[in-house]
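Okay, thanks for making time, everyone.

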Amino acid sequence: MMSTPVIDWELLRTRAIAASQLSYSPYSKFPVGVAGLVNDGRIVSGCNVENASYGLTLCAECSMTSELVMSGGGKLIAVVCVDKKGDLLSPCGRCRQLLFEHGGRELLLLTPDGPKSMSEILPWGFGPEDLQ
């Protein structure tokens, strides 16, 4: 049985800031980075990728989720989302749903008030178990 990795919030924040530096955000000029700890100890990250057709823009959480799946899957257990200065950001509704899908109700998101579970961030979230 795999043990749960220790959450190093500062390391996740550092990785999220580094990801924000790779952002493609020529329209909003608002780079976003995110980093997540996977249940096997890996850290995955992502940045926002904008598009001239704004609706096609990919949020940082989309990018991170793609890395999660492409690097072997697993379950997210902790996530930090920041702007380019490292200030904490709250994921949008779409991204909360992505995080819920890949981390479940127990996934922790770092907020200015400390870590909060997805069940607090997305109450009554809809997940894979709802489709059983």
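So, to start: is Trp124 buried or exposed? Trp124 is exposed, with a relative accessible area of 86%. For the cut-offs, buried is under 20% relative accessible area, exposed is over 50%, and partly exposed is in between, with a 1.4 Å probe and protein chains only. Trp124 sits in the segment after helix H4 (118–121), and although it is not a glycine, it has a positive phi of about 60 degrees.

Some housekeeping before I go on. This is a predicted model, where local features need pLDDT of at least 70 and side-chain atom pairs count only at pLDDT 80 or more, while totals for chains, interfaces and linings use all residues. Residues are numbered from 1 along each chain as its sequence is written, and side-chain values use heavy atoms, with hydrogens and water left out.

Now the overall fold. The chain has four helices and five strands, and from the N terminus on they run α-β-β-α-β-α-β-β-α. The radius of gyration is 14 Å, close to the 14 Å from the globule rule for 132 residues, so the chain is as compact as a globular protein of that length. That radius is taken over C-alpha atoms, and the rule is 2.2 Å times the number of residues to the power 0.38. Helices (H or I, at least four residues) and strands (E, at least two) are DSSP runs, numbered from the N terminus. Along its principal axes, the C-alpha trace spans about 45 × 35 × 30 Å. Buried residues make up 41% of the 132. Of the contacts with a separation of 6 or more, 62% are between residues 24 or more positions apart, a contact being heavy atoms within 4.5 Å.

Let's look at H2, residues 60–70. Its buried residues are Ala60, Glu61, Cys62, Met64, Thr65 and Leu68. What do they pack against? They pack against strands E1 (32–38), E2 (43–47) and E3 (76–83), plus helix H3 (93–103). Take Thr65: it counts as buried at 7% relative accessibility, and, leaving out residues up to four places away in sequence, it touches Leu98 and His102. After H2 comes Gly72, with a positive phi near 120 degrees.

Another positive phi, about 60 degrees, belongs to Lys29, which is not a glycine. Lys29 lies in the loop between H1 and E1 and is exposed, at 60% relative accessible area.

On to cysteines. How many disulfides does a search of the whole structure find? Zero, with a disulfide taken as a pair of cysteine sulfur atoms within 2.5 Å. For Cys81, the nearest cysteine sulfur is that of Cys95, 7.6 Å away. The sulfur of Cys95 has its closest cysteine sulfur in Cys92, at 3.6 Å, which is too far for a bond. Both Cys81, at 1% relative accessible area, and Cys95, at 0%, are buried.

Last stop, the largest pocket, with a volume of about 190 Å³. It has 15 lining residues, and the closest to its centre are Phe30, Val32, Asn48, Cys59 and Ala60. On a 1 Å grid over the protein atoms alone, a pocket is an open set of points where a 1.4 Å probe fits, with protein on both sides within 12 Å along at least five of seven lines, and lining residues have an atom within 4 Å of a point. The volume is the space filled by probe spheres set on the points, joined across faces, edges and corners.
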